[in-house]
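Subject: Structure for your review, with findings

Dear colleague,

Please find below the structure that I am handing over to you. My notes on what was found in it follow directly after.

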Amino acid sequence: MRDFFLTDEDRAFRAEIRDFLGRELAPRADKIERDEDWEAVKQVVRALGEAGYMKLMFRDLYDGPLGQPGLTHATILSEEAAYLNYAFETTIATALSCAYPLHSKATSAIRERYLTPILEGTAIGSICMTEPDVGSDSAAMKTRIRFDEKTREWVIDGFKRYISNATKSDVYIVWGISDPDVAPQKGMSAVAVPADTPGLSFPRTYDFMGRRGCVVGEVTLEGVRVPEENLLGAPGQGFRIMLGAFNFERVILGGSGLGVARSAFDIAKAHAETRTAFGQKLGQKQLIWDMVAEMSWRIDAAELLTYRAAKMYDAGMDGKELMREAAQAKLVSTETAVFCSDRTVQIMGGDGITRQFGRAEQIYRDARALPIVGGTSEMAKYLIAAREMPSVKPNL
Ligand SMILES: Cc1cc2nc3c(=O)[nH]c(=O)nc-3n(C[C@H](O)[C@H](O)[C@H](O)COP(=O)(O)OP(=O)(O)OC[C@H]3O[C@@H](n4cnc5c(N)ncnc54)[C@H](O)[C@@H]3O)c2cc1C
């Protein structure tokens, strides 16, 4: 049994979501990849919202049939969506990452204005942390957020890059330094910025090797003003809010990696079982067996680590308690996606790198982003080792 950590209810949910995505996403997946059709993305987001699936992470808002919805189910959703189209999955994973701090840290008025439409699937959200000189080292960010006492507004100046859903989102959660006189851990804040705010602009979007159909771009903030109530939590809590979302994001990314890895593996097996070489099925060759066996155990390891972390989170563990497990899930699943997509191309030979013969080449291009986004593999290893050796301060 692969899905060792899942209950019968979880498995029934997986069957339900697979069926739903088979109806809503599968017929549009090709348009999203080939035409980068944002309308198609929005239609599926809307359908997910209408069906209540965007609320899985938020037990107090969820009104569906699951007894105890949670990260386990949001991860299943991510895995099944990434299996069909990873670009689409990144759009909803990012919207959820935006919804997460809105849910836990925004005032009820701000929640109503920005969180509700995201969960209903009628709006999209972004999270803005990364800057040109600030990737893995997010504490070094240069964006400034200052409070204007006279107008009682937050004023934001900065430049963000690699922002998923940029230009398409309705709301942007922006992190910046609000008190430069203290350490960033205490002087960073986060604010919700609606898309139509004067001073917010989008210089360009990026042209990536994979993930066609999702939009990632730059965000410039020049004298952007938002009301006092748009602050998430209290002034100076931004770094804590950022760290608070990392475990959840890493587990979701475990699901993304798993979905991508599984889709590659299924293609590899189907090819090895049907293709003939030297008068025998390709799958009969020991060198092919080796690749199939290695993909199999890596996927099982990724699945066990991902759902262990999801179940721990749903049982109430978070913060440092979950850091090692969430980082392991993200690391192993995303590296497994890269490994499986590469071996699948190899098993398929020329067909593997040709657009006319299926999705192997697409999955290969898509997978490469996974060990970079949401914290790189190197950062995940640092988190794991830091928990294993608490007495040693790592030399970052
Ligand atoms: C498709 C895509 C979507 C994204 N979406 C978003 C988004 O929505 N919001 C957002 O804020 N950001 C987003 N990002 C940014 C992403 O989180 C960063 O790219 C990631 O954190 C890495 O930062 P960087 O690219 O600046 O690389 P760097 O931090 O410059 O790292 C470069 C390399 O050096 C390694 N490295 C860095 N420091 C160390 C060290 N101390 N020891 C060893 N190795 C080290 C890294 O692991 C990496 O391999 C996205 C990125 C991509 C590509």
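How many residues surround the ligand, and which are the closest? There are 19 residues around the ligand, and Thr130, Ser136, Tyr162, Thr376 and Glu378 are the closest of them. Please keep in mind throughout that this is a predicted model.

**The ligand and its surroundings**

The side chain of Ser136 places an N or O atom 2.7 Å from an oxygen atom of the ligand. The ligand taken alone exposes 970 Å², of which the protein buries 67%.

Which elements give two or more residues to the shell around the ligand? They are strand 1 (125–128), strand 3 (153–164) and helix 12 (377–388). Strand 3 gives the most, with three residues. In terms of domains, the shell draws at least three residues from domain 2 (125–236) and at least three from domain 3 (240–388). By residue class, the shell divides into 11 nonpolar, six polar and two charged residues.

**Lysine 160 in strand 3**

Strand 3 also holds Lys160. Is Lys160 buried or exposed? Lys160 is buried, because its relative accessible area is 0%, and buried means under 20%. The side chain of Lys160 has a partner in the side chain of Glu131, and a polar contact of 2.8 Å joins the two.

**Cysteines**

How many disulfides does the model contain? The count comes to zero disulfides. A disulfide requires a pair of cysteine sulfur atoms within 2.5 Å. For Cys128, the closest cysteine sulfur is that of Cys98, at 8.5 Å, so the pair is too far apart for a bond. For Cys214, the closest cysteine sulfur is in Cys128, at 15 Å, and this too is too far for a bond. Cys128 is buried, with a relative accessible area of 0%. Cys214 is also buried, with a relative accessible area of 9%.

**Two arginines with positive phi**

Arg152 has a phi near 55°, a positive value in a residue other than glycine. Arg152 is found in the loop between strand 2 (144–148) and strand 3. A phi near 55° is likewise found at Arg211, again a positive value in a residue other than glycine. Arg211 belongs to the loop between strand 6 (200–201) and strand 7 (216–227).

Which of the terms buried, partly exposed or exposed applies to each of these arginines? Arg152 counts as partly exposed, at 39% relative accessibility, whereas Arg211 is buried, with a relative accessible area of 8%.

**Further positions along the chain**

- Val41 lies in helix 3 (residues 38–50) and counts as buried, at 0% relative accessibility. Val41 and Cys340 are 299 residues apart in sequence, and their C-alpha atoms are 26 Å apart in space.
- Thr116 lies in helix 6 (residues 108–120) and is partly exposed, with a relative accessible area of 22%. Between Thr116 and Ala99, 17 residues apart along the chain, the C-alpha atoms are separated by 8.8 Å.
- Val174 has its place in strand 4 (residues 171–177) and is buried, with a relative accessible area of 0%. From Val174 to Phe20 the C-alpha distance is 33 Å, and the two are 154 residues apart in sequence.

With kind regards

Conventions. Residues are numbered from 1 along each chain as its sequence is written. This is a predicted model: local features need pLDDT of at least 70, side-chain atom pairs count only at pLDDT 80 or more; totals for chains, interfaces and linings use all residues. Side-chain values use heavy atoms; hydrogens and water are left out. Buried means under 20% relative accessible area, exposed over 50%, partly exposed in between (1.4 Å probe, protein chains only). A residue is near a molecule or strand if one of its heavy atoms lies within 4 Å of it. A polar contact is a pair of N or O atoms within 3.5 Å; within protein, one must be able to donate a hydrogen and the other to accept it, and residues adjacent in sequence count only if both atoms are side-chain atoms. Accessible areas come from the Shrake-Rupley method with a 1.4 Å probe; for residues, only the protein chains shown count as cover. Helices (H or I, at least four residues) and strands (E, at least two) are DSSP runs, numbered from the N terminus. Ala, Val, Leu, Ile, Met, Phe, Trp, Tyr, Cys and Pro count as nonpolar, Asp, Glu, Lys and Arg as charged, and the others, Gly among them, as polar. Domain bounds come from an automatic or database domain assignment.
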